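User: I have a chain open on my screen and would like to talk through how its parts pack together. Could you take a look with me?

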Amino acid sequence: MSLINAAKAKLAAQGIHSVLTQFCDIHGVARGKLVPVSQLGDLVHVGAGFSGPSIWGTGLPRYGPRSEYYGRVQLDSLRALPFMPGVAHGVCDGFAGGMPLETCSRQVLRRQVDLLAKRGWKLWVGIEPEFFLLGKSADGTWRVKDDEDRLSKPSYDLKSIHRTRGFLDEMSVVLTDLGFELQQIDHEDANGQYEINYRFDDALNAADRYMLFKIAAHAVAEKHGMVFSCMPKPLANAPGSGLHFHLSITDENGTPVFSNADDALGLSNAGYGFAAGLLYHADALSALCAPTANSYKRLAVSNSLSGTTWSPVWKAMGDNNRTCLVRTVAGRIEWRLPDPSCNVYAAIAATLAAGLNGIDSQMTPDPAFSVDLYEQYATGAPMPARLPRDLFEALQGLQADTVLREQIGVAFCDEFLAIKRAEWDAYSQHVTAWELDRYACAY
């Protein structure tokens, strides 16, 4: 029996009649369509067809052989969706004209993973999803869905956990059914904010798994009358949401590449080089890891009502130091820049490219910081360089970083820059309620 026929038989035994062919646009938003299981062979070998110009960031024309975007289903990704009976989820790679599409973010990450494999190395990524559960008031304003979630320091609040137990319990069941190895669920530092942790995976599977996590969370939240929000900072006076990457690399023997038990930080020369590459390319990485205007309201030196902020503002490294952009933990690296509005494929691909450039160029980071950088900042002492203060500066950083753009892929970066510059222009031209309150009658 062929692999396709075996897959069809397995899906039929599960009562599956359709495949949700899912790809990711340049913003990191899941897109796709439902296709009967009978078409599985075509889905795998040719792909589900979509109008290329109708998808953000493909760069495809309105006519000709490369106007159609084909999402080829990865056979090993097929999983029954607990919240969509009779439907299996299938992750797609983007193709056009029979060739891998350069502007497909999953193909961008695949290329980086393939380059890493030529060294005999594999990247492992643990992703920490933070998110808000929101709703709308009668007047249309956004608010925290749980009206009783009002503590000034709400971290680990068990009463809020109890009140949102319906959503959290169903998420636990759904994610377990989808093959996630759950580790913990907690209430985070802001009202209405939660984090669900699950086991790490290799880079490509980790990105696929995070996309599936979001699809599930949106569906379950809607069922419970909530909005699952990946907005980095929906509340002005509270911490925002991050999407921290825990990074490690192993060689073909499974030996950790970053680890050195004799080093004070537990890092090898390769580990230091990778960290240095992240810090060196941090401005450009900001555009891809923190890609919205709102992202930079999270990445700001500010106080919060909870009295705590973990925002990684300064380009610095520290051992188990959450006030640094790069946190080292037991021979692995935590990259604290990304937020949940990012395209996770592009963010991981860019992170990997930057780190490898640091290794190949034999970069060395500045000495690790063993102080609270927020406390140091308050004293007026000299500080490490800051990340870009807004999306405009971050986009300038990506444009100027020719090494990283070429490594990621110029076609993808050009599409990303064009779309995000338009987004910045639209944001800059918008007049907010804060401006009206402050300026309308002030002068």
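This is a predicted model: local features need pLDDT of at least 70, side-chain atom pairs count only at pLDDT 80 or more; totals for chains, interfaces and linings use all residues.

User: In what sense do β1 and β6 pair?
Analyst: Strand β1, residues 18–24, pairs with β6 in the parallel sense over five bridges, and within that pairing Ser18 stands opposite Val87.

User: What about β4 and β6, parallel or antiparallel?
Analyst: Strand β4 (residues 68–73) runs antiparallel to β6 and is joined to it by four bridges, with Tyr70 having Phe95 as its bridge partner in β6.

User: What do β5 and β6 form?
Analyst: They form a hairpin with six residues between the strands, and Gly86 in the turn has a positive phi of about 85°. Strand β5, residues 79–80, is joined to β6 by two bridges in an antiparallel arrangement, and Arg79 stands opposite His89.

User: And the hairpin of β6 and β7, which residue takes a positive phi there?
Analyst: Gly97 does, with a value near 60°, in a hairpin that has two residues between the strands. The pairing of β6 and β7 is antiparallel over two bridges, and Phe95 stands opposite Pro100 in β7.

User: Pick Val344 for me; which residues does Val344 touch?
Analyst: Leaving out residues up to four places away in sequence, Val344 touches Ile127, Ala207, Tyr210, Met211, Leu243 and Phe245.

User: Which strands are joined to β17?
Analyst: Strand β14 (residues 243–250) is joined to β17 (residues 332–335) by three bridges, and these strands run antiparallel. Strand β16 (residues 326–329) also runs antiparallel to β17, with four bridges between them. Ile333 in β17 is the bridge partner of Leu247, and Ile333 is likewise the bridge partner of Thr328.

User: What is the backbone doing at Ala330, and is Ala330 buried or exposed?
Analyst: Ala330 has a positive phi of about 50° although it is not a glycine, and its place is in the loop between β16 and β17. With a relative accessible area of 73%, Ala330 is exposed.

User: Now the helices. At what angle do the axes of α8 and α10 cross?
Analyst: The axes of α8 (residues 282–289) and α10 (residues 344–360) cross at roughly 165° and come within 9 Å. That angle makes α8 roughly antiparallel to α10, and the crossing is left-handed.

User: Which residues meet there?
Analyst: From α8, Leu285, Leu288 and Cys289 meet Ala346, Ala347, Ala350, Thr351 and Ala354 in α10.

User: Is Ser286 buried or exposed, and what is Ser286 in contact with?
Analyst: Ser286, which is found in α8, is buried, with a relative accessible area of 0%. Leaving aside neighbours within four places in sequence, Ser286 is in contact with Pro291, Tyr296, Leu337, Leu387, Pro388 and Ala394.

User: Last one: where does Glu102 lie?
Analyst: Glu102 lies in the loop between β7 (99–100) and α3 (105–117). Apart from neighbours within four places in sequence, Glu102 is in contact with Val108, Arg111, Ala411 and Phe412, and its C-alpha atom is separated by 25 Å from that of Tyr280, which is 178 residues apart from Glu102 along the chain.

Note on methods:
Residues are numbered from 1 along each chain as its sequence is written. Side-chain values use heavy atoms; hydrogens and water are left out. Contact means heavy atoms within 4.5 Å. Two strands pair if DSSP finds at least two bridges between them. Axes are lines fitted to C-alpha atoms, for helices over the stretch in contact, and angles run from 0 to 180 degrees between N-to-C directions. Angles under 35 degrees count as roughly parallel, over 145 as roughly antiparallel, 65 to 115 as roughly perpendicular and the rest as oblique. A crossing is left-handed if the near helix is turned anticlockwise from the far one by less than a right angle, and right-handed if clockwise. Buried means under 20% relative accessible area, exposed over 50%, partly exposed in between (1.4 Å probe, protein chains only).
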